Amino acid sequence: MSHQFTVYSKVATARLLGIAVGLVKKLEVFANAVWVHVQGNRPTFISKTRYQVDFLESRADRSAEIEITPTGIFSYIAYNLKSGNSYKLYSLPGEGLQCECKDFERQKWGGKDTPTCKHRIAVNQWLNDKFPMPAHA
């Protein structure tokens, strides 16, 4: 069975609109927007850009609760301080930083070119904090 990953979901729609997921009745994806039908309201369109920004922002927000521990050259453990879960991250030649979490794997299996999970964002932030880019003179 083939799964296509999408950022255009009922969960994302509910998050964007600040409503309960159960109120989102139907979505249809068009070229530049998503047609949304919410219970009790007239159907409307939401731009695809809003969904894409929400996808990254929601993971970036949740990455703040992740503690990173390096375990070797280009390998890390991401520990979630809130849930107690931990995941291994490692770099593969030509594929970059990989994560063992379900979110990353679902995106990868679903065909997303650059899977992005909160753990990967946390590692990138940790690296930036430890090795900041030099300021221009």
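Predicted model: local features only at pLDDT ≥ 70, side-chain atom pairs only at ≥ 80, totals over all residues.

Trainee: Is H119 buried or exposed?
Mentor: The relative accessible area of H119 is 5%. Residues are classed as buried under 20%, exposed over 50% and partly exposed in between, with a 1.4 Å probe and protein chains only.

Trainee: Which residues are in contact with H119, apart from its neighbours within four places in sequence?
Mentor: Contact here means heavy atoms within 4.5 Å. With the neighbours within four places in sequence left aside, the contacts of H119 are I66, I68, A78, Y87, L89, C99 and C101.

Trainee: How many helices and strands does the chain have, and in what order do they run?
Mentor: The chain has 4 helices and 7 strands. Read from the N terminus on, the elements run α-β-β-β-α-β-β-β-β-α-α.

Trainee: How many aromatic pairs are found, and why is that of Y8 and Y51 edge-to-face?
Mentor: A search of the whole structure finds 3 aromatic pairs. Rings of Phe, Tyr and Trp (its six-membered ring) pair if their centres lie within 6.5 Å, and planes under 30 degrees apart count as stacked, over 60 as edge-to-face and the rest as tilted. The ring centres of Y8 and Y51 are 5.4 Å apart and the planes stand at 80 degrees, so this pair is edge-to-face.

Trainee: How many residues apart in sequence are the parts that the pair of Y8 and Y51 ties together?
Mentor: Y8 is buried at a relative accessible area of 16%, and Y51 is buried as well, at 0%. Y8 lies in the segment before α1 (10–17) and Y51 in helix α2 (residues 48–63), so the distance in sequence between the parts joined by this pair is 43 residues.

Trainee: At what angle are the ring planes of Y76 and W126, and how many residues separate the parts they tie together?
Mentor: The rings of Y76 and W126 have their centres 5.9 Å apart, and with planes at 65 degrees the pair is edge-to-face. Y76 is buried, at 8% relative accessibility. Y76 lies in strand β5 (residues 75–80) and W126 in helix α4 (residues 118–130), so the pair ties together parts whose separation in sequence is 50 residues.

Trainee: How are α1 and α2 arranged relative to each other?
Mentor: The two axes come within 10 Å and cross at roughly 90 degrees, where axes are lines fitted to C-alpha atoms, for helices over the stretch in contact, and angles run from 0 to 180 degrees between N-to-C directions. Angles under 35 degrees count as roughly parallel, over 145 as roughly antiparallel, 65 to 115 as roughly perpendicular and the rest as oblique. The helices α1 and α2 are therefore roughly perpendicular.

Trainee: Which residues make this contact of α1 with α2, and how do they divide?
Mentor: A12, T13, R15 and L16 of α1 meet R50, Y51, D54 and S58 of α2. Ala, Val, Leu, Ile, Met, Phe, Trp, Tyr, Cys and Pro count as nonpolar, Asp, Glu, Lys and Arg as charged, and the others, Gly among them, as polar. On that basis the residues of the contact divide into 3 nonpolar, 2 polar and 3 charged.

Trainee: Which residues of α3 are buried, and what covers them?
Mentor: In helix α3 (residues 102–109), D103, F104, E105 and Q107 are buried. The cover of these buried residues includes α2, β7 (96–99) and α4.

Trainee: Where is F74 found, and what is its phi?
Mentor: F74 is found in the loop between β4 (66–72) and β5, and at 55% relative accessibility F74 counts as exposed. Its phi is positive, in a residue other than glycine, with a value near 60 degrees.

Conventions: Residues numbered from 1 in each chain as written. Heavy atoms only, no water. Helix = DSSP H or I, 4+ residues; strand = E, 2+ residues; numbered from the N terminus.
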